[in-house]
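User: Hi! I'm new to reading protein models, could you walk me through one?
Analyst: Happy to, here it is.

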Amino acid sequence: MFEFVTDATLAEYEAFNASHPYGHFMQSKKWANLKNMWKWEAVIVRGADGKIQGSLALLIRNLPKLPFTLMYGCRGPVCDLNDRETFGELIAGARELAKKHHSYVLKLDPDVVMAIQREREKTPEEESSTKVPMVVTEVPEGKAFAKMLEWFGFRPASDGKNFEGIQPNFVYRLNVDGWKVNPKTAATTGSMAFDLVRDDLKADDAVSHFDAGTRNKVRKSLGKGVQIKICGNEMMPYFAKIMLETGLRDGFVTRPQSYFEDMMNAMGENARLYIAFYEDKPIAGTLAIYYGDKVWYLYGASANEARNVMPNYLLQWSMIQWALEKNCRIYDFRGVTGDIDSANPLFGLYRFKKGFNGDLCQFIGEYDLVFNKPIYFAYNKAQKVFRNIRRKRFLKKNADKDTSKPKNLTGDHRGEKKD
């Protein structure tokens with residue numbers, strides 16, 4: 001039988017989520033505390049021993065001017081993917097909540113990989129093509145779980161390759177299990193800069209794993225005098241400003257400063273703000289989240305100036321060091337395009353992350369359990385129109401703040417000058 005998480009069982013729920021291989025920070029109540037427009041509920045299922053063996057956290061939001069809600073299990077559920085009985089009980093609990101909150105849909109986008117893709121060499125016949133040939137290795141457990149979702153009545157909602165869903169369908173991940181943390185970074189706290197020189201990277205596990213070009217850029221960034229500091233909300237005005245520059249340069253809508261501050265406050269010690277300084281001036285920054293056995297690169301931004309000192313490479317290395325410090329299994333670079341074509345405007349973002357020698361992972365994508373079909377189809381259509389209008393309005397409103405020339409639509413690493 002299922003039960004709903006209460007204040008009395010919240011700590012037990014969080015401990016289960018953080019310790020499970022499919023646990024995710026977006027299934028944490030900490031993350032829900034950031035989403036003040038949503039109501040949070042969570043379902044748990046216990047085993048015969050009384051311990052939690054499956055969970056599903058749900059964010060619930062009212063539709064504007066309508067008596068219906070959207071129910072979203074972001075990166076859930078958290079359970080054994082082969083345990084049909086537990087999953088069925090979790091969905092039964094979600095259905096009960098859907099009746100209570102008048103939900104028109106239950107949307108899931110599980111943290112479940114269905115395939116891993118790696119580049120291969122082109123054949124002579126492929127040389128003229130801009131497509132990058134890939135070897136696709138299916139993950140049987142992921143494929144089976146997708147079929148189980150459909151058996152329970154879910155329908156695929158988004159299988160796009162270019163960020164069409166709420167969360168990306170394709171992410172780039174680095175398995176760091178067993179790597180050693182660099183002792184020069186392990187004890188860094190507050191706003192102290194990493195006290196590093198290029199020689200400190202000679203025997204570094206992470207740098208040794210990267211491809212030659214990325215290794216050189218990490219070292220060159222350090223050699224050029226870039227310093228990385230772990231900062232708090234005192235540096236958030238600078239990060240938000242740089243984030244706006246990046247959004248205008250790359251053509252996407254950015255969050256306000258208050259959102260990033262609220263995220264840091266909500267996640268506490270699970271969040272870090274990294275700022276790259278050059279000649280004592282902040283030129284780039286990233287926000288990272290640690291939870292369970294993973295660290296996620298959540299947001300990244302770089303100023304239009306001093307991009308030739310390549311701060312983004314050193315920032316990535318620094319966040320990977322946090323994953324090693326926490327004995328994590330995975331460092332997650334988050335979203336990339338699944339359309340691996342050099343003509344794709346998003347190809348540069350993939351190329352940047354690929355230099356760290358991880359894996360291109362394809363999730364099973366978004367799945368919807370529809371309770372009210374007319375509302376479902378009408379609202380989906382309206383959402384697509386709204387997102388396009390919102391993006392255009394954002395870019396037009398902030399056009400006078402866009403100092404990037406020429407336009408960059410390929411990712412935050414572009415604009416670097418080659419030595």
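What follows is a chat about strands, helices, salt bridges and a nonpolar core.

User: What should I know before we start?
Analyst: This is a predicted model, where local features need pLDDT of at least 70, side-chain atom pairs count only at pLDDT 80 or more, and totals for chains, interfaces and linings use all residues. Residues are numbered from 1 along each chain as its sequence is written, and side-chain values use heavy atoms, with hydrogens and water left out.

User: Let's take strand β17. Is it mostly covered or mostly open?
Analyst: Strand β17, residues 366–370, is mostly covered, with 4 of its 5 residues buried. Buried means under 20% relative accessible area, exposed means over 50%, and partly exposed lies in between, using a 1.4 Å probe and protein chains only. Strands (E, at least two residues) and helices (H or I, at least four) are DSSP runs, numbered from the N terminus.

User: Which strand pairs with β17 over 4 bridges?
Analyst: That is strand β6, residues 103–108, and the pairing is antiparallel. Two strands pair if DSSP finds at least two bridges between them. Strand β9, residues 155–158, also runs antiparallel to β17, joined by 3 bridges.

User: Which residue of β17 is the bridge partner of L108?
Analyst: Y367 is the partner of L108. Y367 is also the bridge partner of P156.

User: And what about E366, buried or exposed?
Analyst: E366, which sits in β17, counts as buried because its relative accessible area is 5%. Its side chain reaches the backbone nitrogen of I166 at 2.5 Å. That is a polar contact: a pair of N or O atoms within 3.5 Å, where within protein one must be able to donate a hydrogen and the other to accept it, and residues adjacent in sequence count only if both atoms are side-chain atoms.

User: What else does E366 touch?
Analyst: Leaving out residues up to four places away in sequence, E366 touches several residues, including K107, L108, R155, P156 and I166. Contact here means heavy atoms within 4.5 Å.

User: Switching topic. Where is R173?
Analyst: R173 is in strand β10, residues 170–175. With a relative accessible area of 10%, R173 is buried. A polar contact of 2.7 Å joins its side chain to that of D332.

User: How many salt bridges are there?
Analyst: The count comes to 16, where a salt bridge is a side-chain nitrogen of Lys or Arg within 4 Å of a carboxyl oxygen of Asp or Glu. One of them joins K100 and E41, at 3.4 Å from N to O. This pair links distant parts of the chain, as K100 is in helix α3 (residues 84–101) and E41 is in strand β2 (residues 39–46), 59 residues apart.

User: Are K100 and E41 buried or exposed?
Analyst: K100 counts as exposed because its relative accessibility is 55%. E41 is at 11%, so E41 counts as buried.

User: Which residues touch the most others in the largest nonpolar core?
Analyst: Of its 47 residues, F210, Y274, W317, I320 and Y331 touch the most other members. Helix α10 gives the most to this core, with 9 residues. Such a core is a set of buried Ala, Val, Leu, Ile, Met, Phe, Trp, Tyr and Cys residues joined through side-chain atoms within 4.5 Å.

User: What is W317 in contact with?
Analyst: Leaving aside neighbours within four places in sequence, W317 contacts several residues, among them L196, L201, V207, F210 and V218.
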